[in-house]
Amino acid sequence: MTSKQKKVVTLAAAFALCFGITPVVSAMHIMEGYLPATFCIAWGVICVPFVIAGFFSIRKTLRENRRALTILAMSGAFVFVISSLKIPSVTGSCSHMTGTGLGAILFGPSAVSILGIIVLLFQAILLAHGGLTTLGANTFSMAIAGPFVSYGIYKLCQKLNVNRKVSIFLAACLGDLFTYCVTSIQLAVAYPSEQGGIAASAVKFLGIFAPTQMPLAVIEGILTVIIMIGLESFALPELKSIGFIKEGKAHE
Amino acid sequence: MSKNTKTVVILLIVAALIAIVPLFALKGAEFGGSDDAGSQMIEEIHGEYEPWFTPVLESMLGGELPGEVESLIFCLQTGIGVGILSFFMGRFVERKKLQKELGRQ
């Protein structure tokens with residue numbers, strides 16, 4: 001780890017701790033039955049093209065090389081693990097992470113929509129966490145919007161020649177945060193506040209999500225970097241075969 | 001390699017600290033089901049709100065999922081994920097070791 005990285009990590013941790021004690025509220029996915037039917041359908045419809053694109057993207061990756069399957073399975077498993085861990089946060093309530101950053105960086109954002117839906121279905125059906133009616137909205141925030149941001153940030157960092165581990169950290173961390181921003185906006189659109197409308201409502205919801213999610217986003221970034229270090233050390237051929245690491249370019 | 005190991009250890013410690021510190025810093029806090037908080041916010045903005053759809057499992061059980069069972073299913077989810085991750089990771093690690101040995105011979 002370079003000194004630059006150390007600085008980034010320390011800064012982020014300090015920032016997270018500074019949030020200190022804020023009101024005891026937070027939330028994760030939108031709960032079953034808490035979104036009006038029209039919105040459920042609308043978000044569902046918006047998700048469809050992304051999911052279809054994801055299906056084709058995964059099929060193409062796998063057809064080009066079967067070896068990618070192991071890494072794909074690992075990205076999926078990573079989402080599974082990460083989104084099952086409820087972690088206490090500085091606000092005095094628990095929330096969990098999304099884990100979608102890894103898949104987005106490795107396979108592109110649309111492929112993750114498939115992985116995300118599997119997890120969301122599992123939780124909606126077996127755990128009554130999230131929900132079937134809100135599946136569309138939750139898919140959009142967790143499996144589409146977040147990964148797209150992660151992917152975008154990673155690509156941007158690559159362009160700017162940012163150290164790879166830092167880029168991975170930023171991508172995963174901000175993707176996670178963005179997921180919860182989207183959730184807030186989704187709730188705000190469905191429940192505009194009487195004074196001030198959607199914007200005021202969005203600020204209110206963001207107020208509950210952001211402080212809770214901030215430290216968790218940092219953890220998510222860290223865990224994604226760790227798993228990536230593992231993959232780079234032991235699964236270099238696979239990473240090369242999916243084009244994540246250019247042939248001949250040694251890892252740091 | 002050893003540099004990577006060090007990085008991983010430091011990062012793991014930082015992650016664990018971020019997760020654990022709030023638990024000690026906020027002793028009185030509930031750390032409760034955070035889903036409910038979001039719903040409370042909706043009620044605050046919208047007035048009384050009755051969810052128009054109950055989760056499939058809850059309507060089948062005729063009530064909420066017992067807390068212990070819920071944690072079981074959460075563990076199951078973690079277990080499946082960790083199982084897949086470690087299975088492939090183990091294979092990769094062994095493969096690298098084997099390649100090294102073959103290279104030496």
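Predicted model: local features only at pLDDT ≥ 70, side-chain atom pairs only at ≥ 80, totals over all residues.
Residues are numbered from 1 along each chain as its sequence is written, and chains are lettered from A and ligands numbered from 1 in the order in which they are written.

Chain A contains 9 helices and 2 strands (DSSP runs numbered from the N terminus; helices are H or I of at least four residues, strands E of at least two). Along the sequence these elements follow the pattern α-α-α-β-β-α-α-α-α-α-α. Among contacts in chain A with a separation of 6 or more, 75% join residues 24 or more positions apart (a contact requires C-beta atoms, placed from the backbone, within 7 Å). Chain B has 4 helices and 0 strands, in the pattern α-α-α-α, and 15% of its 105 residues are buried.

An unreviewed UniProt entry places the feature "transmembrane region" at residues 36–56, 105–128, 135–154, 166–191 and 203–231 of chain A; such annotations may be inferred rather than shown by experiment. Residues 105–128 of chain A are 92% helix and 0% strand, with end C-alpha atoms 29 Å apart. For residues 203–231 of chain A the values are 100% helix and 0% strand, and the end C-alpha atoms are 39 Å apart.

Helix α6 of chain A comprises the 25 residues 135–159. At 1.5 Å a residue, α6(A) should span 36 Å, which agrees with the 35 Å between its end C-alpha atoms (the expected span is 1.5 Å times one less than the number of residues). A bend of about 25° occurs in α6(A) at A:S141 (the angle between axes fitted to the seven residues ending there and the seven starting there). Because 19 of its 25 residues are buried, α6(A) is largely enclosed by the rest of the structure. A:N161, which follows α6(A), has a positive phi, near 60°.

Helix α5 (residues 109–127) of chain A packs against α6(A) at an angle of about 145°, with the axes 9 Å apart (lines fitted to C-alpha atoms over the stretch in contact, with angles from 0 to 180 degrees between N-to-C directions). Residues making this contact include A:G116 and A:L120 of α5(A) and A:A143 and A:P147 of α6(A).

Notes
Buried ≥ 20, exposed ≤ 12 C-beta atoms within 10 Å, placed from the backbone. Contact = placed C-beta atoms within 7 Å.
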